[in-house]
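Subject: Structure handover

Hello,

Here is the structure I promised to pass on. Please open it first, then read my notes below.

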4 protein chains.
Amino acid sequence: MITQDDKFHDECGVFGIFDHPEAAKMAYLGLYALQHRGQESAGIAITDGEKIVCERGMGQVADIFRKDRLDSLRGHCAIGHVRYSTAGGSQLKNAQPIYVECHRGEIAIGHNGNLVNAPIIRSELEKEGTIFTTTSDTEVVLHMVAKSRQSRFVDALVDALAVLKGAYSFVLLTKDMLIGARDPWGFRPLCIGKLGGSFILASETCALDLIDADYVRDVKPGELVIISEKGLESVMPFPQQRQHSCIFELVYFSRPDSNVFQRNVYSSRYNMGRQLAREAPVEADIVVPVPDSGLVAALGYSAESGIPIGFGLIRNHYVGRTFIEPKKSIRHFGVKVKLNPVRSILHGKRVVLIDDSIVRGNTSQKIVKMVRSAGASEVHFRISCPPTIGSCYYGIDTPTEEELIASYKTVPEIAEFIGVSSLQYLSLEGLLTATEDPEGSIFCTSCYTKDYPVPMPKESFEQLKLFHKAAEEQEEREKRELVVARN
Amino acid sequence: MITQDDKFHDECGVFGIFDHPEAAKMAYLGLYALQHRGQESAGIAITDGEKIVCERGMGQVADIFRKDRLDSLRGHCAIGHVRYSTAGGSQLKNAQPIYVECHRGEIAIGHNGNLVNAPIIRSELEKEGTIFTTTSDTEVVLHMVAKSRQSRFVDALVDALAVLKGAYSFVLLTKDMLIGARDPWGFRPLCIGKLGGSFILASETCALDLIDADYVRDVKPGELVIISEKGLESVMPFPQQRQHSCIFELVYFSRPDSNVFQRNVYSSRYNMGRQLAREAPVEADIVVPVPDSGLVAALGYSAESGIPIGFGLIRNHYVGRTFIEPKKSIRHFGVKVKLNPVRSILHGKRVVLIDDSIVRGNTSQKIVKMVRSAGASEVHFRISCPPTIGSCYYGIDTPTEEELIASYKTVPEIAEFIGVSSLQYLSLEGLLTATEDPEGSIFCTSCYTKDYPVPMPKESFEQLKLFHKAAEEQEEREKRELVVARN
Amino acid sequence: MITQDDKFHDECGVFGIFDHPEAAKMAYLGLYALQHRGQESAGIAITDGEKIVCERGMGQVADIFRKDRLDSLRGHCAIGHVRYSTAGGSQLKNAQPIYVECHRGEIAIGHNGNLVNAPIIRSELEKEGTIFTTTSDTEVVLHMVAKSRQSRFVDALVDALAVLKGAYSFVLLTKDMLIGARDPWGFRPLCIGKLGGSFILASETCALDLIDADYVRDVKPGELVIISEKGLESVMPFPQQRQHSCIFELVYFSRPDSNVFQRNVYSSRYNMGRQLAREAPVEADIVVPVPDSGLVAALGYSAESGIPIGFGLIRNHYVGRTFIEPKKSIRHFGVKVKLNPVRSILHGKRVVLIDDSIVRGNTSQKIVKMVRSAGASEVHFRISCPPTIGSCYYGIDTPTEEELIASYKTVPEIAEFIGVSSLQYLSLEGLLTATEDPEGSIFCTSCYTKDYPVPMPKESFEQLKLFHKAAEEQEEREKRELVVARN
Amino acid sequence: MITQDDKFHDECGVFGIFDHPEAAKMAYLGLYALQHRGQESAGIAITDGEKIVCERGMGQVADIFRKDRLDSLRGHCAIGHVRYSTAGGSQLKNAQPIYVECHRGEIAIGHNGNLVNAPIIRSELEKEGTIFTTTSDTEVVLHMVAKSRQSRFVDALVDALAVLKGAYSFVLLTKDMLIGARDPWGFRPLCIGKLGGSFILASETCALDLIDADYVRDVKPGELVIISEKGLESVMPFPQQRQHSCIFELVYFSRPDSNVFQRNVYSSRYNMGRQLAREAPVEADIVVPVPDSGLVAALGYSAESGIPIGFGLIRNHYVGRTFIEPKKSIRHFGVKVKLNPVRSILHGKRVVLIDDSIVRGNTSQKIVKMVRSAGASEVHFRISCPPTIGSCYYGIDTPTEEELIASYKTVPEIAEFIGVSSLQYLSLEGLLTATEDPEGSIFCTSCYTKDYPVPMPKESFEQLKLFHKAAEEQEEREKRELVVARN
């Protein structure tokens, strides 16, 4: 990617289906609907009751699973996984589902989330002579399951999860079971659906919609659902915790047509926009969303403020993975291949620009310049959530804290940096109101507060730093290669 | 494609650049910006003043022209072309630019439009012993140029164009010239831009925007612009005609951030929406656009009517070229892989659904069903142009007249067929008002009136029928293969 | 190719089949058997009696025609073509069969040979306003056919061929005919086979063998065979000529298991080896063939001389199209990736090295160095044909005369250049004896004598020079790119 | 592969290089030279002293490692591996080198051979909670190394190898060491080379030849060579065993230009042919090798018998991975795409046909039929080693014993089955004489004697049976798919 978009990113989407004659195709469609949660790699593991076959590849679902390959995946139970390209780990070996054999038989697992104490446990396991074939924290789970003294598979899994801290929504496949698990804090979403007699697990309800499945309920925080020939069994083996579901799923990650955490994403964003208009009004001529992240909030802002909405920035629908940049750089090239301003909408106007967040600030800066050079007389930037000052350790790909512009600049300083007439963020209270959690008892808001519900051990920080270093090196390398490519 | 979208389609986009050190990369970016005008094939022809090299491929620009291939295209003048997959002709041999050698040297040409008398002339040329290597009408032009008795290249081109009737916006490349030509009726757009000292030709201004070029002016109807070392020379060799620019460019084809025919596309569509609200008001709770074709008009309708806008249909951004459909069909599958309804927006609401057109009616029917099954209490369908009752012979891929639902059903009948509470179209007067042509003296509106400015000869109809037959056969074949593929 | 092998090369192989339910697969297998005649591009044109479909691609037959693509080629009559990469023309547009439409309907043609007066006729046709889409001389034939005043297709083809001079073995396909044609001199081979009721045309009999077809007879020099529903009709429309079949087909091009020109290739080569032993005996310990070109002649030499044969040079069977060469060059790398000496066979031995020819001399030089560094005490080089002093203008890719080492060095000088203890060539008389043409009345031997049966017009020389210049430039460019690639 | 060749197959080739500026390219070339030892998958692991990167792919070396990919492999020490497609295991997950992380750091390993007690140890490890990600026995080694209590890496490796029984030639890479290891019986070859100051390990000397490296010596049976900055250290930690090097390396597997087990392969095969002529003479007109397996032995037979050699079977050099077979089968199709008889050589002749072995007998039968139908009056089949009656458990892919024709038929019965005039095998004594081991003290000959030097535990047999079952199922499936593909 020559153009890094300046967003937080969900790391993964998961899907599972039990007892369906076209399990592979359903997994394929489920992943296709969840594609926005990860475009780097995708995989499907399937069982016919005899053995598990697991196929993974780099790229998007529809590119990896052509007809031939999909047809070769025979079976009636399957899990699937899409993965976002987190820095430093863009290799096939880190694609999921992960498949292993052990004395409990064949297991495949797909993981959305991040286990904060995985590096410590991994280090201990390594000391005992355990070998690892991926850099993924998910592999730790499988070792724990294999090593557990419990005789029942599910008990072994509970044993393993009891030790692991952090965020996880798992789908796990054996020859005769599909298991869904969600951490006690409920960080990442996972819902249960039903299509005829087949149970389904999915990160978001939009995956159910595509295959005509009905939404049953969410997997509860701390719940394991074991789906087998006997039906769905629910286990709640862990001490209850205050729920901490990721509010950013509502702010940006999930698709607007999904429901997550029992809230409709579209409505939540619309409410954020309305609330933002109440908290941060401005005299202006037009409300312009940054597509597509600011789209729904902009509608809410427009409705509440009475200022008409206008699509002053048009998104190119054919954005591919790579562009070849000319040697002599074009102004705002990275932003321009994605967005183009509509001069007739912006010229001479006082613009309220709406986006969901400012991360590092550089992309926002370019967009604002583009809007100004299209003739906007004023640009008032409104953000539909509070300033992001903390990194996430629960399954979201965020820059290090030092890179987050709001961690080292005040709001006026940010406004100056990105060159706007005014800048305002939605308040945390406003955000919680918009997401129907006025008490703040359901959502994790640690990226706004640095108040982390599950602490990150020091060792994990070290590993994170290494990852970030590797990521930076890779970026540097790509930049250098880009320079070469430009010549 | 297993899912045929029910739209009229532009057949092509063209681009040209003269005297730029990175001509190939500029052509690549220009085509990338024009990608919405054709995704089936793309090509670039380039000259270094010594020889012309022409590379074409099936697919999208960014997939065809990887770095290596683009780097091999050395030269300072180039033309490019993107092509829509018209039925029956989806083969590499029909990709453009077309390249030939003749006694006038090497020539490459890219064509947007359709020459109505090409089949007659082709038939005559064939009788004289001329051979053809494509099924494209564009090839006729080159034969005429080669056979002309004129000694100057431009005179030969004028000779050829004088005989040809119909719609064309050409870009033509020789070793030392870039020529742009637009038919006397001005059916298809073509504009002139400038980047430093380099002249540019492009179907839409959005191609200029991406490469930071300035818009100079449109090529005039009937004008040839000859760009060479001596600069830009303009020739107007043909008797003047009443202008007939394709109004559908404003209704649907062109990108909203483009200007075509000296009008801004976004503003035109917004005005269509406003006018539609005036002409066809309704008591309702929410205005919902069919994305993305109804987006801008819906804004206008909402603004004028005061009914709030809501994105009740969410578009999947990862729509690929192929999906693998399950054996047991999913309801509305073809529409569902592209769109998903947002129940919270639609449930219990009286919805005004806005789209740009209804062609065959089947897709509209499915969308309406989806909206209803998401709980809408009423669905009022509003279309931002008049009923399309006539096929286009001027470079737009349309079904035959018999397939156009409005040609054989009244508006109430259509309403019944697609299952809406009410259906209203924008009037022709309203459309002309919205596009700033109240006298109706600039635009071609023949798809609404069947009043064709350049008649289609009988022979061409015959050929068209053959094409449609071939297209139908191909569709049948694909359907059969799909059935096989489902098993 | 980073390693240019120093050989003359056949430019093409052709195949045709009439009225077979699996015509495409048969053409595929036929081309597969003829693959040694051309590895740059391949193509198949097929008809179902209604229309002709033509598919071509760069590379080898089995890579271009995967199952899907082959299955899409439906019909019962087909022609196929494989093409060697002649310098300067390595582009898809020059791949064959060439397909055109004209007033005579659809035509596809595959050509093995070279028309010496094509440039003159092309130039005349261009003056009359004809356009060309390839740089191939074959296209001229099609224009001539299209322009002929004759009403019958075959008469038009005879008209065209009457004007064209040079070497050709054509296969030509219309909707209802398969035509084979061979020039009056019989330069290139073409035989007729039969498989059940289906007629077959092929460059060599090995193509018949693979599909279990029976050899019927050769197409005669100057004969046209018209295969249609009515069976096979033979026409001999041209004045008879003294036959001049290419003797190099027997020396090197054709597969040893083929019969061409009514001679078995293996036996001819074996006889060349025996004759060589008689003409050029030497005291030695072992006869070593340069694989695979010298293999059969070496057997003959060994048998006649009584010196045992040994495979002192082993060929790598996995030679791909590209190798990545290390930055720091390896001695004899280009030869070494193909051949490795067997020290135990060569060490301390007086070696008779047998090959079919020395073209530029550089490869021979490297091979001899390799043999010497493996310990051979003497290397006596024996060549199974006379010194090649003249370029070929009849369908063989040869260097220009100036590059042929035998055109500017005496045999002793060549011996010195390549570093052998002794060097001897087979005499022309010996070669003719070995090929059963002691009178020299059947074969073209112009590459040994410069006595050209069909003169090359001056204009064609000019064009040839241009091609060679382009080829050299391309080689230079590839070398430069290789240098870059090494860094 | 639609055509299974009826041969024993080596399972792998390995290569290693320490401290070379172009380690990746050298590994690439080394693998390219060893390509005949495995064409299913290939891989390279490389270290720059900081980390190990490991890239693997399905297919041949030159297809997997294009320039870009090879350039991305930066470092100065590397190992490489090519793998043969053993039944039931044709998946990327089984490609090597295998890469893991453990408390000893990163390790990559490439393995040629088979550990007979791996299934038992794996089963024990699984019981202890160890997970496996491949079905390869090689993974067991890494777990043992990781679990060893020894502090030094090499001691841990010795610990692991002490427990493992069977055949192995390993190359193993850490960040600062290249280790080569060969089992105490010396089943599989492994030699040491030197290129300037860089040490090299390779399965065969032909890999040294290609990169201009000098042969130093073989790794001794039971030896570990540890190559590091300190140079090459040799360790012989295991009790000495009677050597049992695989005689089939000389009979068929290794390249004739290689030396393995301190014997030249070409000379050994030539001696087998001579010995065979002494043991099994026959009155005949011509000696014909089955290419390429019988080539060198045929030379020996011809030399000793005085019967001239003739290449009556010509091999197609363009045999690709797949062929598309016609629906209506062609006689001997599977053999014919590879070999074509030369009628002029065979017709009316008494033929001595030479091959290295008969495995199942079906391919030999087809070849004999082909030779007979080309007109041979008698076909005397001579095999350059004894009848193969036992499966191999030491790293060779062989059918189960029941499938070996010689295990259930007498020589006369085999002769009848394959349809020859006479059949004779080389005696075991003759083979040992030809390979300079008249005492039979160096080679493993268990496939001829079923006298296994390292017994195969029962559990391993079970696993082997499962593999064979899986392989058969896969073959069945492929056959079925082929049938489908034919329609």
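D19(A) sits in the loop between β2 (12-18) and α1 (23-33) of chain A. Helices here are DSSP runs of H or I with at least four residues, strands are runs of E with at least two, and both are numbered from the N terminus. The phi of D19(A) is near 65°, a positive value in a residue other than glycine. Most residues other than glycine have a negative phi, and most peptide bonds are trans.

Before going on, some ground rules. This is a predicted model: local features need pLDDT of at least 70, side-chain atom pairs count only at pLDDT 80 or more, and totals for chains, interfaces and linings use all residues. Residues are numbered from 1 along each chain as its sequence is written, chains are lettered from A and ligands numbered from 1 in the order in which they are written, and side-chain values use heavy atoms, with hydrogens and water left out.

Two cis peptide bonds are also worth a look. Q96(A) and P97(A) are joined by a cis bond, with omega about 0°. P97(A) lies in the loop between β5 (77-83) and β6 (98-102) of chain A. In chain D, the bond from P291(D) to D292(D) is cis, with omega near -10°. D292(D) belongs to the loop between β18 (286-289) and α10 (295-305) of chain D.

**A sheet in chain C**

In chain C, 6 strands form an open sheet. Their order is β6-β7-β8-β9-β13-β14, and the pairing is antiparallel. Strands count as paired if DSSP finds at least two bridges between them. β6 (98-102) and β14 (231-235) of chain C stand at the edges with a single partner strand each, so one side of each has no neighbour in the sheet. From one strand to the next, the twist averages 20°.

Look at β8 (residues 166-173) and β9 (residues 178-182) of chain C: 5 bridges join them, and they run antiparallel. Within this pair, S169(C) stands opposite R182(C) in β9(C).

Helix α6 (residues 153-163) of chain C lies across β7 (105-115), β8, β9 and β13 (224-228) of chain C. α6 runs at about 155° to β13(C). Axes are lines fitted to C-alpha atoms, for helices over the stretch in contact, and angles run from 0 to 180 degrees between N-to-C directions.

**Chains B and A**

How is chain B superposed on chain A? A rotation of 180° with 0.0 Å of shift along its axis does it, with RMSD 0.0 Å. The two copies are thus related as by a two-fold rotation axis. Superposition is by least squares on the C-alpha atoms of residues with pLDDT of at least 70 in both copies. Of the residues of chain B, H317(B) comes closest to the axis, at 4.0 Å (C-alpha).

In this contact (heavy atoms within 4.5 Å), 58 residues of chain B meet 58 residues of chain A. The two chains bury about 5000 Å² between them, 60% of it on carbon and sulfur atoms. Buried area is the accessible area (1.4 Å probe) that two parts lose on being put together, summed over both. Y32(B), Y318(B) and I324(B) supply 16% of the area that chain B buries against chain A, more than any other three residues.

There are 2 salt bridges across this interface (a side-chain nitrogen of Lys or Arg within 4 Å of a carboxyl oxygen of Asp or Glu). One of them links D212(B) and K336(A), with the closest N and O atoms 2.3 Å apart. Helix α1 (residues 23-33) of chain B gives the most to the side that touches chain A, with 5 residues.

**Chains C and B**

A rotation of 180° with 0.1 Å of shift superposes chain C on chain B, with RMSD 0.1 Å. In chain C, the C-alpha nearest the axis belongs to T130(C), 3.7 Å away.

E101(C), I131(C) and T133(C) supply 29% of the area that chain C buries against chain B, more than any other three residues. The count of salt bridges is 2. In one of them, the side chains of E101(B) and R122(C) meet at 3.0 Å, N to O.

**Chains that stay apart**

Chain A and chain C do not touch, and their nearest C-alpha atoms are 11 Å apart. Chain B and chain D do not touch either, with nearest C-alpha atoms 11 Å apart.

Best wishes
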